[in-house]
Amino acid sequence: MHVPSPPIPPFGGGRFRTPSFGILSTYPPTACGLATFSTALADGLIANGAEVSIVRVADGLPASSKRVIGELVNGSPRSVAASSELLNRCDVAIVQHEYGLYGGADGDEVLEVLAGLQIPSIVIAHTILSDPTPHQRSTLVAVAAMADHVVVMSDAARARLCSRFDIDPAIVTTIPHGAAIPTGRAQHEPGARPTILTCGLIGPGKGIERVIDAMRSLHRLPERPRYLVAGQTHPKVLAANGEAYRHALIEQASRNGVGASVFFDAAYRDVASHTALIQSSAVVVLPYDSTDQVTSGVLAAAIAAGRPVVATAFPHAVELLASGAGIIVDRDDPAALVSALRRVLVEPGLADRMAAEASRLAPSMCWSVVAGAYVGLANHLLSKDPALV
């Protein structure tokens, strides 16, 4: 039986003060999930009364925010040392961890940044591989050993980190992935075709091909649903192969005879317009290839917007949809995907029940609530050393 973790960890000790935070991460104008996450977390921390500074992982683009106090240039020992010193100006460091984010093999240069910290550090582990290489495993184990605390965003991630990487459970906490909570109701045009939506940065592995194949059956339903793929091509995919992946998907839709029911929208959307788009959908579909994904920001956003979800069986979806906010299908079962989407679109009352459960789950995912949990964790760490309080 799935037992959800509490939305705010029960950290002991009284409230001392709101600490200042230094965040090491990608950050806008970089277009990636980590940059979006860090921006929203910083906003949430500020809403909780914290001061926030960003040390941005450099990507050749100029920083566009006054929050950015410096940049980490991968491969530069001098920059690594300078980044640690910049973070040390704050009370607590939050270090985002992804294997491809930092320099060195599997991003192991981050260990040098952690070694230079003289303040408590919280590492947010976004990817916990089920079958890591020996070096990937040893790198994450070393990162956890140097951090004061590790945060993951699902109970599945916590279980995998503690059991397969032998990390002490006492230093690992689940804090949900944050999301924007809509302030108004979605606007639906009378007579508009219901939208099946996949959104976020796109690239191989998102499983969009599965839904395009499913549309061969679904586009004949009486209300003629449309499938919308909304999002820019992932920058790394774009750099390596241009728009070849998107063009292949468009060709697949044409070849399947559903070109008039499959739409692609590569426009950039800010958080408000992205949330409004999700709200306007009939169902959000996450047909991912990966069975490793323990965190999905798009899944969190869909639940926060109160929308039904159909997803393949990646760990975060299995966990978050267990109480009825969505339907899980096997990634290698095309018939199950068609059936699930058809049920949400035509079965009386099902979409409303799923949306109601999503709305029940949403408040714990509000960014201000999530950021408040980080403030509580930071105070807990600072309380261990009275000289830091």
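Colleague: How many salt bridges does the count come to?

Modeller: The count comes to 13 salt bridges. This is a predicted model.

Colleague: Why is the pair of Arg56 and Asp59 called a salt bridge?

Modeller: The closest N and O atoms of Arg56 and Asp59 are 2.9 Å apart. The rule asks for a side-chain nitrogen of Lys or Arg within 4 Å of a carboxyl oxygen of Asp or Glu, so the pair is a salt bridge. As background, side chains of opposite charge can pair when their charged atoms come close.

Colleague: Which residue forms a salt bridge with Glu71?

Modeller: Glu71 forms one with Arg56, with the closest N and O atoms 2.6 Å apart. Glu71 lies in strand 3 and Arg56 in strand 2 (residues 52-57), so the pair ties together parts that are 15 residues apart in sequence. Glu71 is partly exposed, at 31% relative accessible area. Arg56, Asp59 and Glu71 are linked in a network of salt bridges.

Colleague: How do you know that Arg137 and Asp166 form a salt bridge?

Modeller: Their closest N and O atoms are 3.1 Å apart. The limit is 4 Å, so the pair is a salt bridge. Arg137 sits in helix 4 (residues 134-146) and Asp166 in the loop between helix 5 and strand 7, so the pair links distant parts of the chain, 29 residues apart. Arg137 counts as partly exposed at 29% relative accessibility, while Asp166 counts as exposed at 59%, the limit for exposed being over 50%.

Colleague: What is the strand order in the open sheet?

Modeller: The open sheet of seven strands has the order 3-2-1-4-5-6-7, with parallel pairing.

Colleague: What makes strand 3 and strand 7 edge strands?

Modeller: Strand 3 (68-72) and strand 7 (172-174) each have a single partner strand, so one side of each is left without a neighbour in the sheet. On average, neighbouring strands of this sheet are turned by 25 degrees against each other, direction ignored.

Colleague: Why are strand 4 and strand 5 called paired?

Modeller: Five bridges join strand 4 (residues 92-97) to strand 5 (residues 121-125), and the two run parallel. Pairing needs at least two bridges, so these strands pair. The bridge partner of Gln96 in strand 5 is Ile124. Helix 5 (residues 155-164) packs on the sheet and touches strand 6 (149-152) and strand 7. The direction of helix 5 makes about 165 degrees with that of strand 7.

Colleague: Which residues touch the most other members of the largest nonpolar core?

Modeller: Of its 38 residues, these are Leu24, Tyr102, Ile128 and Leu161. Helix 3 (residues 110-115) supplies the largest share of this core, four residues. Leaving out residues up to four places away in sequence, Leu161 touches several residues, among them Ile128, Leu140, Val150 and Asp166. A second, separate core of 30 residues includes Met215, Leu337, Val338 and Val344.

Note on methods:
Residues numbered from 1 in each chain as written. Predicted model: local features only at pLDDT ≥ 70, side-chain atom pairs only at ≥ 80, totals over all residues. Heavy atoms only, no water. Axes fitted to C-alpha atoms, helices over the stretch in contact; angles between N-to-C directions. Contact = heavy atoms within 4.5 Å. Core = buried A, V, L, I, M, F, W, Y, C linked by side-chain atoms within 4.5 Å. Buried < 20%, exposed > 50% of the residue type's maximum accessible area, 1.4 Å probe, protein only.
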